[in-house]
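Subject: Structure handover

Hello,

Here is the structure for you to take over. Please load it first, then read my notes alongside.

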Amino acid sequence: MKVKKIPMRVCVGCKEQKPKKELLRIVALPTGVIEVDRTGKKSGRGVYVCNNPECFQKAFDSHGLERSLKRPVSREVYMALKEEIEHG
């Protein structure tokens with residue numbers, strides 16, 4: 001029987017490689033909107049972050065989202081994403 005390969009992704013906050021299912025995907029949609037993608041299937045450029053506020057804060061401090069999404073991310077978007085991660 002063939003063993004199924006588990007897809008791995010790197011968190012932009014802590015830079016650790018973890019299984020894709022354990023991470024949250026933040027996606028920049030083709031329309032320019034940046035949002036949390038809970039399904040992991042929306043089209044657009046995606047970046048992964050651990051599902052905890054500390055990793056998200058590290059990504060904010062190091063500008064990891066801007067670098068990975070290749071576009072500027074406003075402070076309001078960061079605050080909305082942080083709120084969704086903490087309460088989602």
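This is a predicted model: local features need pLDDT of at least 70, side-chain atom pairs count only at pLDDT 80 or more; totals for chains, interfaces and linings use all residues.

Three strands form an open sheet in the order 4-3-5, with antiparallel pairing. Strand 4 and strand 5 (45–50) are the edge strands, each pairing on one side only. On average, neighbouring strands of this sheet are turned by 30° against each other, direction ignored. Helix 3 (residues 75–87) packs on the sheet and touches strand 3, strand 4 and strand 5. The direction of helix 3 makes about 15° with that of strand 4.

Now the pairings. Strand 3 and strand 4 pair in the antiparallel sense over four bridges. Strand 3 and strand 5 also pair in the antiparallel sense, over six bridges. Ala28 stands opposite Ile34 in strand 4.

How much of strand 3 is buried? Six of its six residues are. In a regular strand, side chains alternate between the two faces of the sheet. Here both faces of strand 3 are covered. Leu23, Arg25 and Val27 are buried on one side. Leu24, Ile26 and Ala28 are buried on the other.

**The core**

In soluble globular proteins, nonpolar side chains tend to be buried together. The largest nonpolar core in this model has 23 residues. The residues with the most contacts inside it are Cys11, Ile26, Ile34, Val49, Phe56, Leu65 and Leu81. Strand 3, strand 4, strand 5, helix 1 (53–61), helix 2 (64–69) and helix 3 each give two or more residues to this core.

Leave aside its neighbours within four places in sequence, and Phe56 is in contact with Ile26, Val49, Leu65, Tyr78, Leu81, Lys82 and Ile85.

**Salt bridges**

Side chains of opposite charge can pair when their charged atoms come close. How many salt bridges does a search of the whole structure find? It finds two.

One is formed by Asp37 and Arg25, with the closest N and O atoms 2.8 Å apart. Asp37 lies in strand 4 (residues 34–37) and Arg25 in strand 3 (residues 23–28), so this pair ties together parts that are twelve residues apart in sequence. Asp37 and Arg25 are both buried.

Lys42 is partly exposed, at 34% relative accessibility. Glu35 is partly exposed too, with a relative accessible area of 24%.

**Cysteines**

A disulfide is a covalent bond between the sulfur atoms of two cysteines. The structure holds zero disulfides. The cut-off for a disulfide here is 2.5 Å between the sulfur atoms. Cys11 is buried, with a relative accessible area of 0%. Cys50 counts as buried as well, at 3% relative accessibility.

**Backbone**

Gly32 takes a positive phi near 105°. Gly32 belongs to the hairpin of strand 3 and strand 4, which has five residues between the strands.

Lys15 has a positive phi of about 65°, although it is not a glycine. Lys15 is in the loop between strand 1 (8–10) and strand 2 (17–19). At 52% relative accessibility, Lys15 counts as exposed.

Lys70 is not a glycine either, yet has a positive phi of about 55°. The loop between helix 2 and helix 3 holds Lys70. Lys70 counts as exposed, at 63% relative accessibility.

Best wishes

Conventions: Residues are numbered from 1 along each chain as its sequence is written. Side-chain values use heavy atoms; hydrogens and water are left out. A salt bridge is a side-chain nitrogen of Lys or Arg within 4 Å of a carboxyl oxygen of Asp or Glu. Buried means under 20% relative accessible area, exposed over 50%, partly exposed in between (1.4 Å probe, protein chains only). Two strands pair if DSSP finds at least two bridges between them. Axes are lines fitted to C-alpha atoms, for helices over the stretch in contact, and angles run from 0 to 180 degrees between N-to-C directions. Contact means heavy atoms within 4.5 Å. A nonpolar core is a set of buried Ala, Val, Leu, Ile, Met, Phe, Trp, Tyr and Cys residues joined through side-chain atoms within 4.5 Å.
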